[in-house]
Amino acid sequence: MFTEAIIVIGIVIVLFSVCSSALTVRRVKKQISEISDALEDIKNGNGNRRILAETHELIAPLAYAINDIILSYEKRLSAYHQTDETNRQLMTSLSHDVRTPLTTLIGYLDAAHKGIVDGKERDDYIETARRKAHDLKEYIDVLFDWFKLGSNEFSMNIAEIDLTELTRNILIDWIPIFEDTQVDFTIDIPEQPFRVQIDPDGYMRILNNLIQNVISHSHADKIEVVLSEQNRNIKILLSDNGIGIDKEDLKHIFDRLYKCDKGRSEKGSGLGLSIVHELVEKLNGTITADSTPGKGTIFTLFFPLID
């Protein structure tokens, strides 16, 4: 009797195992079919599709791995679309920002060359052409920096640098421009060295772009540059008393091709501050902007000091 009971229990266990295995196989087949359908859906462009699975299920690790791949793919695709849209906007803006002033420049030079104007008027034409040529060079330099930053060949020459001395050398070249544009300047740089690991050319472009932004767009007549130490970082504060930036515009000033001047009444590529932001990040620094319309703007940068 006991033996028969053992046999019955064994048979029940075997039947249960067979049924359980059959159900598991059916469940796995169903999930594989769902995964196949999901992948086909994703292939057709539905990047929001995800594969669902309970953590205890056999298929769960595969489902989670596929979801991670899909998420990574979507991020890359989104970045590609964003870059493509930026390039499209850039190509559109080139007509206005390069072709139009270039046509005007040629017109002034042709008038002077052909003798259509003479005397002081000819000198004025040549001076106007010279300024427009410099504007075009500045724009092309910014474009070069932007494309260089986005290329895989971009590299930085990081070295241990005294940032106080480097900042002084950069600002010396700006003093004649401040005087020519009638911008009062205050420069406060400590005597003691502040040593950082930085790319000198990258830092020079950061500071030059920020100052050029003030000169070209802020309508300021005062600019201040202050260096100080704060929490084992060097703090660079650049402020002006210009027209300031609206709160809504302030959220986007580091975006590529963003222009606060929607009417294009002023020159500018919309790339200068985005280049600054990217360079600062590549140099392990941070940058923020605060502004009050009608009172001015403050850019604050931090770079870690060498211990």
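User: Which residue just after α6 takes a positive phi?
Analyst: That's H219, with a phi of about 60°. Keep in mind that this is a predicted model.

User: And what about just after α8, which residue has a positive phi there?
Analyst: N284, again at about 60°. Helix α8 itself covers residues 272-282, and its buried residues are G272, L273, S274, I275, V276, L279 and V280.

User: Why do you flag those phi values?
Analyst: Most residues other than glycine have a negative phi.

User: OK, so where is Q182 found?
Analyst: Q182 sits in the loop joining α5 (175-180) to β2 (184-188). Its phi is positive, about 60°, though it isn't a glycine.

User: Is Q182 buried or exposed?
Analyst: Exposed, because its relative accessibility is 66% and the cut-off for that is over 50%.

User: What about R232, where's that one?
Analyst: In the loop between β4 (222-230) and β5 (233-240). R232 has a positive phi too, near 60°. At 41% relative accessibility, R232 counts as partly exposed.

User: Switching to K222: which residues does it contact, leaving aside neighbours within four places in sequence?
Analyst: V183, D184, S239, D240 and N241. K222 lies in strand β4, and K222 and V183 are 39 residues apart in sequence but 5.3 Å apart in space, C-alpha to C-alpha. K222 is partly exposed, with 48% relative accessibility.

User: Back to α6. What span should its 19 residues have?
Analyst: At 1.5 Å a residue, helix α6 (residues 200-218) should span 27 Å. The end C-alpha atoms are 26 Å apart, so that agrees.

User: Which residues of α6 are buried?
Analyst: Quite a list: G202, Y203, I206, L207, N209, L210, I211, N213, V214, S216 and S218.

User: How do α4 and α6 cross, at what angle and how close do the axes come?
Analyst: The axes of α4 (residues 163-172) and α6 come within 11 Å and cross at roughly 50°. That angle is why the two helices count as oblique to each other. The crossing is right-handed.

User: And which residues meet there?
Analyst: From α4 you have L163, L166, T167, I170 and L171; from α6, P200, Y203, M204, L207, N208 and I211. By type, that contact has nine nonpolar residues, two polar and no charged. Among the α6 residues on that list, Y203, L207 and I211 are also buried.

Conventions:
Residues numbered from 1 in each chain as written. Predicted model: local features only at pLDDT ≥ 70, side-chain atom pairs only at ≥ 80, totals over all residues. Heavy atoms only, no water. Helix = DSSP H or I, 4+ residues; strand = E, 2+ residues; numbered from the N terminus. Buried < 20%, exposed > 50% of the residue type's maximum accessible area, 1.4 Å probe, protein only. Contact = heavy atoms within 4.5 Å. Expected span 1.5 Å × (residues − 1). Axes fitted to C-alpha atoms, helices over the stretch in contact; angles between N-to-C directions. Parallel < 35°, antiparallel > 145°, perpendicular 65-115°, else oblique. Left-handed = near helix turned anticlockwise from the far one by under 90°. Nonpolar A, V, L, I, M, F, W, Y, C, P; charged D, E, K, R; others polar.
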